[in-house]
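Welcome! Please have a look at the structure first.

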Amino acid sequence: MSDFKHSGPRLDRMGFGGAPLGDMFAHSDDDRARETLATAWDHGIRYYDTAPHYGAGLSEQRFGSFLARRPRSEYVLSTKVGRVLEPADAPEATGPFVGGLYFKRRMDYSYDGARQAVHDSLQRLGVGYLDIVYIHDLSPDALGDAWTEHFATAMSGAAVALTEMRDQGLIHGWGLGVNTIEPCLRTLDEADPDIFLLATQYHLLNTAGADALFPRCLERDVSVVVGAPFGSGLLAGGDHYLYEKAAAEPVRIRDRMAEICAAHNVDLKAAALQFAAAHPAVDSIIPGASKPERIPQNKTLFETDIPAELWAEFKREGLLPESAHVPD
């Protein structure tokens with residue numbers, strides 16, 4: 001596990017991403033969700049990430065119910081602000097989330113909105129403090145051209161609130177949880193973040209995170225957690241990429257990578273997990289899971305020996321940049 005710069009939560013090299021437990025892409029079962037979390041715990045996973053957005057509180061509720069029976073000092077828990085949940089007559093299906101609890105989401109990056117979101121998450125999770133809080137989806141892919149206006153609100157609002165809460169001990173660190181790089185770079189210029197959760201911008205099909213962001217994070221001693229190390233499913237054999245149906249070109253590249261892996265008797269999923277974790281700026285990766293059997297599979301894949309020649313072949317064929325960091 002790795003230390004965290006301000007007050008020292010420790011992150012597993014591989015944690016647990018909670019989006020699938022919020023009815024992402026498909027409805028999920030409470031008993032199966034509990035079994036999945038129990039399997040993760042039994043296999044030594046102690047970093048858990050969730051968000052109000054995931055099933056309009058469903059993922060947080062499931063994590064809280066499970067973790068209530070575990071000693072609080074033994075795990076690291078992160079959630080997010082940027083959406084405040086308000087009561088609704090029916091579950092609000094939005095984006096990749098097809099179900100959830102009886103709430104609607106209200107975007108709110110203000111000071112008061114962040115404090116309310118943290119308070120509400122503490123209630124759903126049943127804990128007295130949060131290790132990490134990410135400002136969620138403060139990014140052009142989620143907010144369009146209005147993202148810069150929301151960013152300004154967040155820097156004078158949510159970022160200030162989270163910094164105060166960090167100083168008070170209510171949270172231990174904060175940063176952004178986003179799918180693009182520019183908001184992270186701007187946050188480094190304008191605030192004092194501890195950590196970024198960067199999804200979809202660093203994996204076998206896209207190494208953009210390593211170009212400008214990761215060197216800055218290393219200079220500032222800011223941790224990086226990689227979300228969606230399977231590219232939101234494509235590298236695990238699914239048909240989703242960047243949370244949407246995959247286009248032909250990433251499928252073609254994925255299939256060629258899979259052929260090379262097969263020639264070396266390696267599972268492409270093992271290569272995906274290990275590559276995402278190999279960069280020196282990356283402290284943790286958080287693949288999601290909605291089925292208990294995925295946990296031991298991911299642990300085994302993460303520990304599989306991969307020959308250096310596989311990475312060399314990826315680079316020779318231009319599937320990875322020559323400068324890409326690969327596992328030793």
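## Helices α1 and α2

Start with helix α1 (residues 30–42) and helix α2 (residues 58–67), which pack at an angle of about 55° with their axes 10 Å apart. Axes here are lines fitted to C-alpha atoms, for helices over the stretch in contact, and angles run from 0 to 180 degrees between N-to-C directions. That angle makes α1 oblique to α2; angles under 35 degrees count as roughly parallel, over 145 as roughly antiparallel, 65 to 115 as roughly perpendicular and the rest as oblique. Helices (H or I, at least four residues) and strands (E, at least two) are DSSP runs, numbered from the N terminus.

Which residues meet? From α1 come D30, A33, R34, L37, A38 and W41, and from α2 come R62, F63, S65, F66 and L67. Contact means heavy atoms within 4.5 Å. By class, the contact of α1 with α2 has seven nonpolar, one polar and three charged residues. (Ala, Val, Leu, Ile, Met, Phe, Trp, Tyr, Cys and Pro count as nonpolar, Asp, Glu, Lys and Arg as charged, and the others, Gly among them, as polar.)

## About the model

This is a predicted model, in which local features need pLDDT of at least 70 and side-chain atom pairs count only at pLDDT 80 or more, while totals for chains, interfaces and linings use all residues. Residues are numbered from 1 along each chain as its sequence is written, and side-chain values use heavy atoms, with hydrogens and water left out.

## Helix α3

Now find helix α3 (residues 111–125), whose buried residues are G113, A114, A117, V118, D120, S121, L122 and L125. Buried means under 20% relative accessible area, exposed over 50%, and partly exposed in between (1.4 Å probe, protein chains only). The cover over these buried residues includes α2, β3 (76–81), β4 (83–87), β6 (132–136) and α6 (158–168).

## Helices α10 and α11

Helix α10 (residues 268–278) and helix α11 (residues 294–302) pack at an angle of about 70°, with their axes 8 Å apart. That makes α10 roughly perpendicular to α11. K269, A270, L273, Q274 and A277 of α10 make the contact with N298, L301 and F302 of α11. Sorted by class, these residues are five nonpolar, two polar and one charged.

## Histidine H150

Leaving aside its neighbours within four places in sequence, H150 is in contact with Y109, L138 and L143.
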